[in-house]
Amino acid sequence: SAKANGKGCYQLLTSELQQQAMSRLQLENDLRRAIQNQEFSLYYQPIIALSHSQKLGFEALIRWHHPQKGMIPPDQFIPVAEETGLIIELGWWVIKTALNQIEIWQEQFPGFSEIAINVNVAPQQLMLVSFSEQVQELFSHFKIKSHQIKFEITEGSLLKTGSHHIEALKRLKNLGIQFCIDDFGTGYSSLSRLHEFPIDTLKIDRSFVRQIGSNQGEIELIRTIITLAHGLGMDVVAEGIETKSQLNQLSLLGCEWGQGFLFSKPLNSIDATQYLVALLTSKWKQERVKALLM
Ligand code: C2E
Ligand code: MG
Ligand code: MG
Ligand code: MG
């Protein structure tokens, strides 16, 4: 009967919800264990200057090497880490590891002082009352310059900030630490508040870059974003560049930086070091960018 069917539906739903809750709980427990056992590593994806600048950046991207499930991508565990607050402990580990990597590269490649690493910072961590003090404390343990780290913050997380957070960001900014708006254009827009934040760089989301070539309207949108950024004194990174034609267009539009599989996928620290070696032992980068632009 209909009644029996309804009940069956309900049971199906609860068991599905139960299953979801179970696997969430399992993921949460797994995460706690993984933090204890240090099952994480940072990968580094090059951020290439499209101009003739010798600067080079990397974005640090976390990877979880699960003992049974293998590599778990961040999209599958960062949201849970954020909901449970575990992101804060994980976030400090990420910053510390990135600072350590910069210090190592600096020792390996003295004279090349322009290596910078972008670190994604979750809103929960950014809005800690002690965030700026703790960052300063961490920095005091490393022999690196503050401009070599850049915090990536999403639009959405900026929107959550109050004036006291903005003050804390400005204190860090005054120390030389830089900020980048991540995934620009995907959140609901904070255009009217954009100038309030001490932002150095705007990162155009990959969903825009992907449309280049198939959609002329998209190019106009990107042109507008770049003009806006430059007007506010920010430089621009385009993320998710996969084709030469995307690179060409972005370069023509005056975008300063590019990141994407066209240049390189995220690399583990050994491969990222190899990438640096190749870059520094030749005029490799200029040639590569030039070749790609042709
Ligand atoms: P995101 O910060 O926007 O990072 C860029 C993502 O785009 C990375 O995915 C990167 O591998 C991917 N990507 C870069 N170039 C290309 C391309 O040309 N094509 C395609 N298809 N993808 C490209 P990933 O590493 O899976 O990270 C996903 C998201 O997880 C990040 O997005 C970020 O929001 C979050 N995340 C990663 N690491 C951390 C971290 O250490 N802390 C926090 N809080 N979040 C992180
Ligand atoms: Mg990012
Ligand atoms: Mg991004
Ligand atoms: Mg993104």
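Colleague: Which residues form one aromatic cluster?

Modeller: Phe-40, Trp-64, Phe-77 and Trp-93 form one aromatic cluster. This is a predicted model, in which local features need pLDDT of at least 70 and side-chain atom pairs count only at pLDDT 80 or more, while totals for chains, interfaces and linings use all residues. Residues are numbered from 1 along each chain as its sequence is written, chains are lettered from A and ligands numbered from 1 in the order in which they are written, and side-chain values use heavy atoms, with hydrogens and water left out.

Colleague: How many aromatic pairs does the structure hold, and what describes a pair of aromatic rings?

Modeller: A pair is described by the distance of the ring centres and the angle of the planes. Rings of Phe, Tyr and Trp (its six-membered ring) pair if their centres lie within 6.5 Å, and planes under 30 degrees apart count as stacked, over 60 as edge-to-face and the rest as tilted. The structure holds 11 aromatic pairs. In one of them, the centres of Tyr-44 and Phe-58 are 6.4 Å apart and the planes stand at 85°, so the pair is edge-to-face.

Colleague: Are Tyr-44 and Phe-58 buried or exposed?

Modeller: Both Tyr-44 and Phe-58 are buried, that is, under 20% relative accessible area, with exposed meaning over 50% and partly exposed in between (1.4 Å probe, protein chains only). Phe-151 and Phe-179 form a tilted pair, 5.9 Å centre to centre with 45° between the planes. Phe-151 counts as buried at 0% relative accessibility, and Phe-179 is buried with a relative accessible area of 0%.
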